[in-house]
Amino acid sequence: MTEKELGITIQRLSHQLLENHLHYDNLVIIGIQPRGIFFSNRIVEQINRQISPQKIKYGKLDNTFYRDDVRQGLHTLNQTDIPFSVENKTVILVDDVLYTGRTIRASMDALLAFGRPAKVELCILIDRRFSREFPIQADFVGRSIDTIITQKVKVLWQERDGTEEVVLL
Amino acid sequence: MQLSTKHLLGIRDLQASDIQTILDTATQFKEVLQRPIKKVPTLRDVTIVNLFYENSTRTRISFELAEKRLSADTVNFTASGSSVSKGESLLDTVNNILSMKVDMVVMRHGASGAPHFLAKHIPAAIINAGDGINEHPTQALLDAFSIREKLGSLAGKKVAIIGDIMHSRVALSNIYLLKKMGAEVMVAGPPTLIPVHITEAFGIPVEYNLRKALEWCDVANVLRIQLERQNQVLFSSLREYSLAYGINRKLLDGLSKEIVIMHPGPINRGVELDSDAADSRQSIILQQVENGVAVRMAVLYLLAGKATNL
């Protein structure tokens, strides 16, 4: 995906999120560390632009402690910052790539340590279809692609990599 | 993000990068402790034995809480009241531990070097919770974390360690750690309680005048008089000690700047620290205790990866 396509998709997804949750007072967006954050920052920026002057509740979640391979090699810890309660809220988990589904499984378990959400939905930029190892599905998808195990999807962001695009390696 | 050692026996053997890793990891664990559910399943498959041969409230509860919050299984041994001599008794301990197939041992013992001895004989990872008058690495780590939290960083900060330096493992671990992380250290106290060659050994200044030490420092880490470790009379009376080396509000208000007050606990109120200083806004003593759990969680988490007794 080029920078332009990425921008259009992000805009479309943010509109979709608002459209499906017209009463956004009860909506909460949570970006998954470390790479989902760049994507979720942009989604939140787009949403806030539309509901301005109000702002959507936005948090960041690190799921390292809940990974199923947590001690098979130490993973870098990133910041978890959820400065509000998720009790009875509709939570949208946001991540860049959905592959095996293990990250989302771990993120859901991490999320439950913060309270009992009314509903959890998933917003993903790239869905690697047919590669799931867990029964996890995305509710809002940027683009769905077919890949094989040896391929890798890399999402590049301006702040971190200097360019904005999605590549298949 | 790994530690360079399998055990945490002392700050002496740690590299500055290890210390940085532990402090950064502790920051994340402190966040976990603010959550509604203060528990993570990370050490679910690990068994830890708390082997405490000396009395302890703070350290033992802190370690136990840290272990439970990581979902580990804990076993507690206390040998209070018995004077365990080095050598045979420890070997018996070793055999007991081996037969229980534990992954990690948190050990506090009255003999310096006891955890090092244990580390040579069993495959489990050992964490030193205080050995004799040698080291108390997790205390130094939580002290450093607390200083960093209050003042932003460790490098260049002036820390005065005050009191019974000679018998204090907290002092020694702190000296090692602060020097490795670029802080300036000074020790202060009565001449009878400061080892004679400390300046030559560590390159740190000694100050016998309390006021001068407090004037110099940004942080004062106040130590308890270790009465249980002294078998000779090293000062005339507790009252004399507190007159010359006790810290109170009046003394603190007379300084040219506001300094941070720390104490590893338990405080002998009225001896080394008066209540009006210990409970003041300048004191981070309770934060130290709070940070202790986060720091110990970080140490357990980082060492558990290497604890493969499976």
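**Notes on the predicted model**

1. In chain B of this predicted model, helix H5 (residues 137-151) packs against helix H12 (residues 285-304) at an angle of about 120°, and their axes are 8 Å apart. H5(B) is therefore oblique to H12(B), since angles of 65 to 115 degrees count as roughly perpendicular and those over 145 as roughly antiparallel. The crossing of H5(B) and H12(B) is right-handed.

2. Which residues make the contact between H5(B) and H12(B)? From H5(B) come B:Thr138, B:Leu141, B:Leu142, B:Asp143, B:Phe145, B:Ser146 and B:Glu149. They meet B:Gln287, B:Gln288, B:Asn291, B:Gly292, B:Val295, B:Arg296 and B:Val299 of H12(B). Sorted by class, this contact of H5(B) with H12(B) holds 5 nonpolar, 6 polar and 3 charged residues.

3. H12(B) also packs with H1(B), again at an angle of about 120° and with the axes 8 Å apart. The crossing of H1(B) and H12(B) is right-handed. On the H1(B) side the residues are B:Thr21, B:Ile22, B:Thr25, B:Ala26, B:Phe29 and B:Lys30. Their partners in H12(B) are B:Asn291, B:Ala294, B:Val295, B:Met297, B:Ala298, B:Val299, B:Tyr301 and B:Leu302. The contact of H1(B) with H12(B) has 10 nonpolar, 3 polar and 1 charged residues.

4. B:Asn291, B:Val295 and B:Val299 are listed in the contact with H5(B) and in the contact with H1(B).

5. Domain 1 of chain B gives 24 residues to the contact, and domain 2 of chain B gives 24 residues.

6. Which elements give two or more residues to the side of domain 1 of chain B that touches domain 2 of chain B? They are helix H1 (16-32), strand S4 (125-131) and H12 of chain B. The largest share of that side, 7 residues, comes from H12(B). By class, the side of domain 1 of chain B that touches domain 2 of chain B has 11 nonpolar, 7 polar and 6 charged residues.

7. Chain B as a whole has 12 helices and 9 strands. Its radius of gyration is 19 Å, close to the 19 Å that the globule rule gives for 310 residues, so chain B is as compact as a globular protein of that length. The C-alpha atoms of chain B fill a box of roughly 60 × 45 × 35 Å along the principal axes.

8. Chain A comes to 4 helices and 7 strands, and along the sequence they follow the pattern α-β-α-β-β-α-β-β-β-α-β. Chain A has a radius of gyration of 15 Å, close to the 15 Å from the globule rule for 169 residues, so chain A is as compact as a globular protein of that length. Along the principal axes, the C-alpha atoms of chain A fill a box of roughly 45 × 40 × 30 Å.

9. Last, the contact between the chains. Chain A contributes 11 residues and chain B contributes 14 residues. The side of chain A that touches chain B divides into 7 nonpolar, 3 polar and 1 charged.

Key:
Residues are numbered from 1 along each chain as its sequence is written. Chains are lettered from A and ligands numbered from 1 in the order in which they are written. This is a predicted model: local features need pLDDT of at least 70, side-chain atom pairs count only at pLDDT 80 or more; totals for chains, interfaces and linings use all residues. Axes are lines fitted to C-alpha atoms, for helices over the stretch in contact, and angles run from 0 to 180 degrees between N-to-C directions. Angles under 35 degrees count as roughly parallel, over 145 as roughly antiparallel, 65 to 115 as roughly perpendicular and the rest as oblique. A crossing is left-handed if the near helix is turned anticlockwise from the far one by less than a right angle, and right-handed if clockwise. Two residues are in contact if their C-beta atoms, placed from the backbone, lie within 7 Å. Ala, Val, Leu, Ile, Met, Phe, Trp, Tyr, Cys and Pro count as nonpolar, Asp, Glu, Lys and Arg as charged, and the others, Gly among them, as polar. The radius of gyration is taken over C-alpha atoms; the globule rule is 2.2 Å times the number of residues to the power 0.38.
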